[in-house]
Amino acid sequence: MKKKSRICTFCVMDDSNPFIEFDSHGQCNCCRDALRRRASEWWPDASGEKKMAGLAEYLRRQGKGKKYDAMVGLSGGIDSAYLAHIASRRYGLRLLAVHVDGGWNSEPAVANIEAMVRGLGMDFHTHVIEWKEMKDLQVSFLKASVLNQDMPQDHAFFATLYRTAKHFGISDFLSGVNFASENIVPPGFGYPSIDGRHIRAIHKRFGQGALRTYPVMNLFEYLWLTRVGQKLAIHKPLNFFNYDKNLAQEELKEIYGWRSYGSKHSESRFTKFYQDIYLPRKFNFDKRRLHLSSLIVSGQVKRDDALEELKVSTISDREVRRDIKFVAKKIGVSEEDIINFIDKPSVDHCLYPNNLTIFSCISKIKRIFMSIKLKK
């Protein structure tokens, strides 16, 4: 008989993650941590407006005499698009829009990017990843049987972001990452996508060709561009607003003809496959729990409503077959191969060469400095 999962009494995170712990009241450590951080990471009131006005003024000073005040990434998703809309229209910032095309853009995402760039009159820089190399790397990660299958896309984005900033002499990047819809961070879940050594190790073990043009960022380059040399400051302006994704989407639809692409992060066809099929089947994890729990913490969704939503499958059997067929054809393997990749026992990222210890130390030092800063 299948053991019944334990669900947090405050949010909807459950014990499908072995690192989740519950206190005597049945509340999990994920939402307790998010609630603890809320006051120092999210300002959905007048204080946030003041912070945003101050950031805009700072960016205008930084951009004086330059072509751009800041850079913003455009994925075709809501968060980055709404951020570009706010920063450009409301605050008059001169933005360079950057997009990394890893070959998985959904059709609505492409249309959304075009509509935003045209509607805001922004300069647009796109970097297209060589598909032969991207495909080889994606297959390598599936063969490696690790958790973070979005790493090939995400690493390319981060590496291109930092290199583009250096190329254009831009020192500030506006990120769509936000507390309101992304505040839950499950312990021990995921793997840092910036680890270039890990990328190369998995590709060396399972890849077929060479990564001649794929933008792998090694540790030295990462430390130089983020901690030592021409540092790129990353700002999260959506944390200065009472950001509601549904209201944002309606506003974008009215002004730019925004098109829905489905669930969170499904602007990428591969990420949709990863979230809807790979994670639930291989790791018994429904990523909607993170998204819905974040919205519970920010007060945008009630727990009972979230529990009802989780009862409904995100994808039908017909859609599962369709998406597996699409991914298989796209990366040049059989549908049976895809199923075998998913059903193969999972392998911990740490069993492949990596720089996790160094990245963990950097994160720990950063948290200590942030803690000291908050106490002042």
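**Exercise 1. How many residues does helix α4 have, and what does it reach from its first C-alpha to its last?**

Before we start, note that this is a predicted model, in which local features need pLDDT of at least 70, side-chain atom pairs count only at pLDDT 80 or more, and totals for chains, interfaces and linings use all residues. Residues are numbered from 1 along each chain as its sequence is written, and side-chain values use heavy atoms, with hydrogens and water left out.

Step 1. Find the helix: helices are DSSP runs of H or I with at least four residues, strands are runs of E with at least two, and both are numbered from the N terminus. Helix α4 covers residues 107–120, which gives 14 residues.

Step 2. Compare spans. The expected span is 1.5 Å times one less than the number of residues. Helix α4 reaches 20 Å, close to the 20 Å expected.

Step 3. Look just past the end of α4: Gly-121 there has a positive phi of about 65°.

**Exercise 2. Which residues of α4 are buried, and what do they pack against?**

Step 1. Apply the cut-offs: buried is under 20% relative accessible area, exposed is over 50%, and partly exposed lies in between (1.4 Å probe, protein chains only).

Step 2. The buried residues of α4 are Pro-108, Ala-109, Asn-112, Ile-113, Ala-115, Met-116, Val-117 and Leu-120.

**Exercise 3. Describe the salt bridge between Lys-253 and Glu-250.**

Step 1. Recall the criterion: a side-chain nitrogen of Lys or Arg within 4 Å of a carboxyl oxygen of Asp or Glu. The structure holds 18 such salt bridges.

Step 2. In this pair, the closest N and O atoms are 3.5 Å apart.

Step 3. Because Lys-253 and Glu-250 are 3 residues apart in helix α10, about one helical turn separates them.

Step 4. Lys-253 is partly exposed at 41%, and Glu-250 is partly exposed at 44%.

**Exercise 4. Which parts does the pair Asp-343 and Arg-281 tie together?**

Step 1. The side chains of Asp-343 and Arg-281 form a salt bridge, 2.9 Å from N to O.

Step 2. Asp-343 belongs to helix α15 (residues 335–343) and Arg-281 to helix α11 (residues 269–283), so the pair ties together parts 62 residues apart in sequence.

Step 3. Asp-343 is partly exposed at 45%, as is Arg-281 at 46%.
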